[in-house]
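Trainee: Please take me through this model. I want to know what each label rests on.

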Amino acid sequence: MRASRAIQLAFVAVLFALWWQATHGWHVSALLLPTPLAVLLRARVLISSGEVWTPLAATAIEVAGAFSLSAVIGLALGVFIARAGLRIRVAEPLLTALNAIPAILFFPLFTLVFGLGAGSKIALGATIGVFPIALNTISGLSNVERPLITAAISMGASRMALLRHVLLPAAAPSVLAGLRIGLTLSFLAVLGGETIASFDGLGHQIADAADNMEAATMYAYILVVVLVAAVLNQALARLDGFGQRR
Amino acid sequence: MTDIAIQITEAAHRFGGVAALAPTSLSVRRGELLCLIGPSGCGKSTLLNIMGGLLAPESGRTEIFGEAITGPRPDRIAFVFQESTLMPWNTIIENIELGLIFQGAAKAGRRERAAEALAAVGLSEFANHYPSQLSGGMRQRAALARVLCLDTDIILMDEPFGALDEQTRMVLGEDLSVLLSRTGKTIVFVTHSLGEAVFLADRVAVFSARPGTIKTIVEVGAAHPRTPEFVTSAEFAVLRNRLYTELHEEIRRTMGPELRLAAASADGGRVAG
Ligand SMILES: Nc1ncnc2c1ncn2[C@@H]1O[C@H](COP(=O)(O)OP(=O)(O)OP(=O)(O)O)[C@@H](O)[C@H]1O
Ligand SMILES: [Mg+2]
């Protein structure tokens, strides 16, 4: 554990060293890649001036909306499909095929329907996040050990009791993995949508800064996104630990 | 009230065209422990599942206490299976309580009943352990506590000690004999062990080869609870040898003709188990 953490930190340090070398030693244009110091200073200004909070809040709301929608729909769909063998055989390949279509293609349509605000990002994030959640729920529920189900039925378990006390707990690790992937994908989709067409959000700031050739600002926002992703990842690792505790 | 707990009349079943159980009739008396013994794949589990309403036979009738069976009857019949069917995410006491929840018992007193059952099998100390923290023998003991807690008239056990070593199995058998002599429950018990069958049963039903049906029923006269002395008695040896002879013929019959000579010695060793 200690060793792996040390290697991860070393990797980040090497990345920064390469960055420093690129800007100082190899003289890469500051328009493409500002120095690490310039980016860090810009990030500090963004945070201390409070400028970062509006786009951060916008993105957070969109991710929360997209993830909640994909979680509710994905779980409900997964449970509904997994309750019958026939539905699994029909729906699972269908979902897998749909999942292979790049949902970003529908983003222009979403902006037409939901506008350039939060709505279209939430729709995109939810569309992308719903598949791994539904598919993992189906796989978790359909791989429950048969004897556990037989035993519960022999003891008189109703359909609801079976779902609540046997199927869902047995499927929990797989469902949690699905939620984790769903959240990550929703986050990526929301940011992608923001960089393409939006009024607000971290992705919007990054695209805007690039348009205005403010490289330091752009990298500073990318740094913020990386930090948010790291925090999210930590939270999700907690969630996984919870799923595996038994 | 009738003296027959379970009445099977001409029950037969096929799985996808393959005959698993030939037409079989059997009466299980109220309060007796009946062992089912027979070659592997002869339909013992099939018959047990039919008795418990977990499997609807293709033909034939099943009645418990004079009432036709059409599905599970958690109020009157409980199962113990060979593999552990404790929920791995629940503690032992939660698992026992879960049985009561499934059965539809009132919330009040559930925990107390579960604790009592756990004490009866000597596992009180492990109430808050998870199944994975228990040995195989302890897990089956917990499954026994769950079934006692459900407090049904009939208990159907499908090789409950099948995955355990000979010594553990002997001790659990003794415990079972003591526990059950007190409760007067009707039990059908599938086993591959001749010794276990003689030790536990009031009667032993011997199956013929697949598609199986009951070939003979051997009575064991000794009173319950049985003691370790019974195992070393002459009566025990006679009964065990009789079962061995009955079963050996059937197991021979399941072997292909060209396998017979080669299998003969290995065969004898297995049956003696
Ligand atoms: N779910 C099933 N689907 C198809 N065939 C089955 C199924 N269950 C049992 N069978 C077949 O029916 C026959 C009887 O099976 P059963 O499980 O009743 O045997 P058994 O006497 O309990 O055997 P064992 O001693 O090995 O447990 C076997 O030939 C088996 O292959
Ligand atoms: Mg069996």
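Mentor: Start with chain A. Take its contacts between residues at least 6 apart in sequence: 71% join residues at least 24 apart. Contact means heavy atoms within 4.5 Å. This is a predicted model: local features need pLDDT of at least 70, side-chain atom pairs count only at pLDDT 80 or more, and totals for chains, interfaces and linings use all residues. Residues are numbered from 1 along each chain as written, chains are lettered from A and ligands numbered from 1 in written order, and side-chain values use heavy atoms, without hydrogens and water.

Trainee: How many helices and strands does chain A have?

Mentor: Chain A has 10 helices and 0 strands. Both are DSSP runs numbered from the N terminus: helices are H or I, at least four residues, and strands are E, at least two. The C-alpha trace of chain A spans about 75 × 50 × 30 Å along its principal axes.

Trainee: Why does A:Ser154 count as buried?

Mentor: Buried means under 20% relative accessible area, exposed means over 50%, and partly exposed lies in between (1.4 Å probe, protein chains only). A:Ser154 has 4% relative accessibility, so A:Ser154 is buried. The residue lies in helix 7 (residues 146-154) of chain A. Beyond its neighbours within four places in sequence, A:Ser154 contacts B:Leu54, B:Pro72, B:Pro74, B:Ile77, B:Phe79 and B:Phe81.

Trainee: What does the side chain of A:Ser154 reach?

Mentor: The side chain of A:Ser154 reaches the backbone oxygen of A:Ala151, at 2.7 Å. A polar contact is a pair of N or O atoms within 3.5 Å; within protein, one must be able to donate a hydrogen and the other to accept it, and residues adjacent in sequence count only if both atoms are side-chain atoms. The 2.7 Å distance falls within that limit.

Trainee: What makes A:Ile122 buried?

Mentor: A:Ile122 has a relative accessible area of 19%, and the limit is under 20%, so the label holds. A:Ile122 sits in helix 6 (residues 118-142) of chain A. Leaving out residues up to four places away in sequence, A:Ile122 touches A:Glu62, A:Gly65, A:Ala66 and A:Leu69.

Trainee: Why is the pair of B:Phe79 and B:Phe81 called stacked?

Mentor: Rings of Phe, Tyr and Trp (its six-membered ring) pair if their centres lie within 6.5 Å; planes under 30 degrees apart count as stacked, over 60 as edge-to-face and the rest as tilted. The structure holds 7 aromatic pairs over all chains. For B:Phe79 and B:Phe81 the centres are 5.3 Å apart, with 5° between the planes. By definition, then, they pair and are stacked. B:Phe79 is buried because its relative accessibility is 8%. B:Phe81 is buried because its relative accessible area is 10%.

Trainee: And what about B:Phe230 and B:Phe236: stacked or edge-to-face?

Mentor: B:Phe230 and B:Phe236 are edge-to-face, with 90° between the planes and 5.3 Å centre to centre. Both B:Phe230 and B:Phe236 are buried.

Trainee: Which residues touch the most other members of the largest nonpolar core?

Mentor: They are B:Ile6, B:Leu36 and B:Met51, in a core of 115 residues. A nonpolar core is a set of buried Ala, Val, Leu, Ile, Met, Phe, Trp, Tyr and Cys residues joined through side-chain atoms within 4.5 Å. Helix 8 (residues 159-196) of chain A gives the most to this core, with 9 residues. Another core, of 18 residues, lies apart; its members include A:Leu46 and A:Val190. In soluble globular proteins, nonpolar side chains tend to be buried together.

Trainee: How many residues of helix 1 of chain B are buried?

Mentor: In helix 1 (residues 44-51) of chain B, 6 of 8 residues are buried. Among them are B:Lys44, B:Thr46 and B:Met51. Just after helix 1 of chain B, B:Gly53 takes a positive phi of about 75°.

Trainee: Which element gives the largest share of the shell around ligand 1?

Mentor: Helix 1 of chain B does, with 3 residues. The surrounding residues include B:Lys44, B:Ser45 and B:Thr46. A residue is near a molecule if one of its heavy atoms lies within 4 Å of it.

Trainee: Where does B:Lys44 lie relative to ligand 1?

Mentor: A polar side-chain atom of B:Lys44 is 2.8 Å from an oxygen atom of ligand 1. A side-chain N or O atom of B:His192 is 3.0 Å from an oxygen atom of ligand 1. A backbone N or O atom of B:Gly43 is also 3.0 Å from a ligand 1 oxygen. Taken alone, ligand 1 exposes 630 Å², and the protein buries 59% of that. Accessible areas come from the Shrake-Rupley method with a 1.4 Å probe; for residues, only the protein chains shown count as cover.
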